[in-house]
Amino acid sequence: MIRVLVCGARGKMGSTVVDAVSAADDMELVAGVDPHAASGESCGDPKAPLFTSLSEAIEARSPEVMVDFTNPSVVEDNLRCALGAGVACVVGTTGLSEEQLADIAASAKDDAALFFAPNFTTGAVLMMQFAKTAAAYFPDVEIIEMHHDGKKDAPSGTAVTTAHMIAEARTQASNAPGSETEMPGMEGARGALVDTVPIHSVRTDGHVAHQEVILGSSGQTLTIRHDSIDRSSYMPGVLLAIRNVQNLTGLTIGLENLMD
């Protein structure tokens, strides 16, 4: 049984992870962490108490794997705390650069591994791979990503990763107009340029997580779109990462590394 601790256990993603781990035959939910937890509160199971302090939770419950779906303002401290105690980490909280993640992973004790995925849905991973393949044939590419209005960062980690993958695969420069065409006082109309790829972020109530990549060349367009309509779509990927992270070392980025 893999002993699992969930940071952000009372959040929307965290509570879904709690349910998924609790239902897995090969995992044991040993604790949750939430800054607003009340004394004596649990994650729904008396054997999995809620803590307000991650360090206290690790000391009291000895988890093997920590899952973090919190927010960018606290994720670095959480990872350094867990890795410093020798606890392997699975993180879906975006907002940290690859350089920051590598630095955090280097602080790990006992070769505890750090696994990060900008998106844990298999469909999103395939969308990114398809976009990378298509980018070699379409010079013009733009990304539109749509998320719920509680998301703390823009653009999304998935969109940023997709842009980097597209830029790596491109064989032609885009001739599409950029920010130089934006009207005075309307800066940002062409989106944020990430590694030569424009990204447009939509935030509204009603969305969960959606992304489309629009590619164009002379006389044709190709649109690749992925929609997560429920947070349960992330759980197979999260459980896959939990089951594999203790066999990894250092920093691993991307669910595709575990999908072979």
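Me: In which loop is the place of proline 155?

Reply: Proline 155 lies in the loop between β7 and α6. The model is predicted, so local features require pLDDT of at least 70 and side-chain atom pairs pLDDT 80 or more, whereas totals for chains, interfaces and linings use all residues. Residues are numbered from 1 along each chain as its sequence is written, and side-chain values use heavy atoms, with hydrogens and water left out. Helices (H or I, at least four residues) and strands (E, at least two) are DSSP runs, numbered from the N terminus.

Me: What is the state of the peptide bond from alanine 154 to proline 155?

Reply: That bond is cis, its omega being near -5 degrees. Most peptide bonds are trans.

Me: Why is aspartate 110 called exposed?

Reply: Exposed means over 50% relative accessible area, buried under 20%, and partly exposed in between (1.4 Å probe, protein chains only). Aspartate 110 has a relative accessible area of 64%, and is therefore exposed. Aspartate 111, with 63%, is exposed as well. Aspartate 110 has a positive phi of about 55 degrees although it is not a glycine; for aspartate 111, phi is near 60 degrees.

Me: Which residues of α4 are buried, and why are they said to line one face of the helix?

Reply: Leu101, Ile104 and Ala105 are buried in helix α4 (residues 98–105). Their directions fall within an arc of 100 degrees when seen down the axis of α4, so they line one face. The arc is that of the directions from the helix axis to the C-beta atoms. An α-helix has 3.6 residues a turn, so residues three or four places apart point the same way. The buried residues of α4 pack against α3 (75–84), β6 (114–116) and β12 (251–253), contact meaning heavy atoms within 4.5 Å.

Me: What makes β8 and β11 edge strands?

Reply: Two strands pair if DSSP finds at least two bridges between them. Five strands form an open sheet of mixed pairing, in the order β8-β9-β7-β10-β11. The strands β8 (192–194) and β11 (220–228) each pair on one side only, and these are the edges. From one strand to the next the twist averages 25 degrees.

Me: How many bridges join β8 to β9, and how many pair β7 with β9?

Reply: Three bridges join β8 to strand β9 (residues 197–203), and these two strands run antiparallel. Alanine 192 stands opposite isoleucine 199 in β9, and leucine 193 opposite proline 198. β7 and β9 pair in the parallel sense over five bridges, with glutamate 145 opposite serine 201 in β9.

Definitions and conventions. Axes are lines fitted to C-alpha atoms, for helices over the stretch in contact, and angles run from 0 to 180 degrees between N-to-C directions.
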